[in-house]
Amino acid sequence: MKLTAVVGDLRKALEADVKAGARAVTRSIKAETDALKLELRGQVTGAGLGARLANTWRGKVYPEGRESLGSAGVVWTKAPSIIDAFERGALIRGRTGWLAIPLPAAPRRVLGTRVTPGNLEKAWGIRLRMVYRRGKPSLLVGELRASRGKRGGFRAPTAAARRTGRGLASVPLFVLLPAVKAKKLLSVRQAGERALRRLPGRIVTAWNTQAANAIRERGPSR
């Protein structure tokens, strides 16, 4: 058995050790919280779901503003329903009973956001009409003019074309579905479990470093 005598005030030495432990735990919790948040954001962008959804992942460490042996970290999303759908591969239903899925002729974005029937009507000054197809999904169709550019496609009608209908064509822009099955694209639970498994080792390493620093600051022992 090896006994080590602390030179100096024992109370101060113990307080320093507790402070070093609090610093190690808090910094480890923060590092793992940040790592988990970045991993989950990477999952979202890697799945092609966009940076906007990825940035809904947030992280925070408690207690705020001080180091503690009882520190805890939490990572959450501001879009839990969407994340959950891609985590479980859930069945997604439209709020009004239908989901409007953009077709190739529809623009991807209008008015600075993802295209929907409502914002497309507003941006292009058109009215969409539903075309019922027996035994097949219904469509939302708009009266558009063909683009003369090299890429082709369709464009919003001019005011004159809207009045006369000249040069316009009926173009399917959305298909209406009662529900769609989301693919399982995310593994949130597994990422959290990996973070929990990493945390003890991270704390031990940080605590040993802090303890060694504290011993050096106190001076040699005998």
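Which side chain does Glu-32 meet in a salt bridge? The side chain of Arg-198 meets Glu-32, at 2.7 Å from N to O. A salt bridge here is a side-chain nitrogen of Lys or Arg within 4 Å of a carboxyl oxygen of Asp or Glu.

## The model

This is a predicted model, where local features need pLDDT of at least 70, side-chain atom pairs count only at pLDDT 80 or more, and totals for chains, interfaces and linings use all residues. Residues are numbered from 1 along each chain as its sequence is written, and side-chain values use heavy atoms, with hydrogens and water left out.

## The whole chain

The protein chain has six helices and 11 strands. Both are DSSP runs, numbered from the N terminus: helices are H or I with at least four residues, strands are E with at least two. The chain has 222 residues, and 29% of them count as buried. Buried means under 20% relative accessible area, exposed means over 50%, and partly exposed lies in between (1.4 Å probe, protein chains only).

The accessible surface comes to about 15100 Å². Carbon and sulfur atoms hold 55% of that surface. These areas come from the Shrake-Rupley method with a 1.4 Å probe; for residues, only the protein chains shown count as cover. Now take contacts (heavy atoms within 4.5 Å). Among those between residues at least 6 apart in sequence, 64% join residues at least 24 apart.

## Salt bridges

The structure holds nine salt bridges. One of them is the opening pair, Glu-32 and Arg-198. This pair links distant parts of the chain, 166 residues apart. Glu-32 sits in helix α1 (residues 10-46), and Arg-198 sits in helix α6 (residues 188-218). Glu-32 counts as buried, at 5% relative accessibility. Arg-198 is partly exposed, at 35%. Why can such pairs form? Side chains of opposite charge can pair when their charged atoms come close.

Another bridge joins Glu-121 and Arg-127, at 4.0 Å from N to O. Glu-121 is partly exposed, at 24% relative accessibility. Arg-127 is exposed, at 69%.

## Helix α3

Helix α3 covers residues 80-88 and holds both Arg-88 and Asp-84. Their side chains meet in a salt bridge, at 2.7 Å from N to O. The two residues are four apart, about one turn of the helix. Arg-88 is exposed, at 53% relative accessibility. Asp-84 is partly exposed, at 31%.

Which residues of α3 are buried? They are Ile-83, Ala-85, Phe-86 and Glu-87. Just after α3 comes Gly-89, with a positive phi of about 70 degrees.

## A buried loop residue

Ser-138 lies in the loop between β7 (129-131) and β8 (139-146). Is Ser-138 buried or exposed? Ser-138 is buried, with a relative accessible area of 8%. Leaving out residues up to four places away in sequence, Ser-138 touches Met-130, Val-131, Tyr-132, Arg-133, Phe-174, Val-175 and Leu-176.

## A positive patch

Arg-52, Arg-108, Arg-109 and Arg-114 gather in a surface patch of positive charge. Patch residues have over 30% relative accessible area and no salt bridge; like charges are joined within 9 Å, and nonpolar side chains (Val, Leu, Ile, Met, Phe, Trp, Tyr) within 5 Å. Lys and Arg count as positive, Asp and Glu as negative; His and the chain ends are not counted. The place of a charge is NZ of Lys, CZ of Arg, CG of Asp or CD of Glu.

Arg-109 is found in strand β5 (residues 109-110). Arg-109 is exposed, with a relative accessible area of 54%.
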